[in-house]
Amino acid sequence: MPALLEGSEAIADAMVAAGCRFFSGYPMTPFTEVLEHMAAKLPGVGGTCMNAESELEAVGMAWGAAATGTPSATGSTGQGLSLMQESLAELTYAAVPLVVLNMARAQGDYWQATRGPGHGDARMPVLAPMDVPEATELTQIAFHLAARWRNPVLLFGDYYLAHTSTSVSVTPLGLPPVAADDWSLDGSTSGTGRARLVSPLGTTKRNDRGGYDLAEHYARCAARTEEMLAGIDPLVETGFTDDAEVVVVAFGTPAKYVRAAVSRLRAEGARVGYVRPITLLPFPTEVVAQAAAGARVVGVYENNQGQMVDDVRLAVAGATPVEFIGRLSLDGSGFGIAPDLDGGYVRERIEELLA
């Protein structure tokens, strides 16, 4: 049955429904409420939630739990995730599945999410819900992708997503099964001579005959990352793009404003459409390019100083002009979206492109 839930609680319910049994984090608005709800919900299903001393300890705890094969997650805001970057990169090299939440302040963490994590060639698939019901579905998909590809997966939320209350029904999605766990450190192979190894340095044990061949390991990791990104079908929503002379691209909460403004302008006869990337990595390059092919101009709306606009320009490849029409809009605390970001303002920015 549907229930009126704050977004942070709905996301917690979705994580439990997806099988998450370990969660760790350090309080930091607007991530704090997710941590609080997980602390209340996990013991009832035999799980554990840890309030860590910092984000560094939080990701370390989650790494340890995930390495045992326990579906696990951690998270923070962008500032806290900055402290986790080294561990998140090493998790990809160790092929450890983990779900990571970024309950962001505005959308200034796009580069952090899609260009990382951390050092080397590490990459994390990124999912960006627009509202609470979609967040409950994408949270479960994130756990599925993490287990399927043995890789961290990031859910990109924000202040509104965490704090908006919505009537929502959180039910398991019934996603396809993944391969049986033949890798985790469950203790069953210890002392057998064939003990498993989970390490960012590879799966070959160090012994008297030599050390790790890191070049070989990193090459295998690169091939696995390439296979993962090619194997994930980008999720994307489009509207009115068939004959649009102006196409607007936006993601997350601001995309809801954009979709509403575009729908009203279209009802008034304006030839305008929108594209909403849901999967930020892999990016829906082909869909954006196709939508832009017949347009006069592409506008990119983000609640930052312009980050996703880079990926839109790469997708369009110079065939159509791309203009950034967003801006950084925050309330006085720096946590939420300022009142001056509304449908009227977004409409004005789109109308400038139509002129």
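## Cysteines and nonpolar cores

The model has zero disulfides, a disulfide being a pair of cysteine sulfur atoms within 2.5 Å. This is a predicted model, in which local features need pLDDT of at least 70, side-chain atom pairs count only at pLDDT 80 or more, and totals for chains, interfaces and linings use all residues. Residues are numbered from 1 along each chain as its sequence is written, and side-chain values use heavy atoms, without hydrogens and water.

C20 is in no disulfide. The nearest cysteine sulfur to C20 is that of C49, 8.7 Å away. That is too far for a bond. C20 counts as buried because its relative accessibility is 0%; buried means under 20% relative accessible area, exposed over 50%, partly exposed in between (1.4 Å probe, protein chains only).

Two nonpolar cores are listed here. A nonpolar core is a set of buried Ala, Val, Leu, Ile, Met, Phe, Trp, Tyr and Cys residues joined through side-chain atoms within 4.5 Å.

| Core | Size | Members include |
|---|---|---|
| Largest | 47 residues | L88, L154, F156, M308, V312 |
| Second, separate | 35 residues | F23, C49, L138, V168 |

In the largest core, L88, L154, F156, M308 and V312 touch the most other members. Helix α3 (residues 55–66) gives the largest share, six residues. Domain 1 (3–168) and domain 2 (236–354) both contribute, so this core lies between them. Domain bounds come from an automatic or database domain assignment.

Helix α2 spans residues 32–41. Its buried residues include T32, V34, L35, H37 and M38. Among the elements covering them are β1 (3–6), α1 (7–17), β2 (22–25), β3 (48–51) and β5 (98–104). Helices (H or I, at least four residues) and strands (E, at least two) are DSSP runs, numbered from the N terminus.

Technical notes. Contact = heavy atoms within 4.5 Å.
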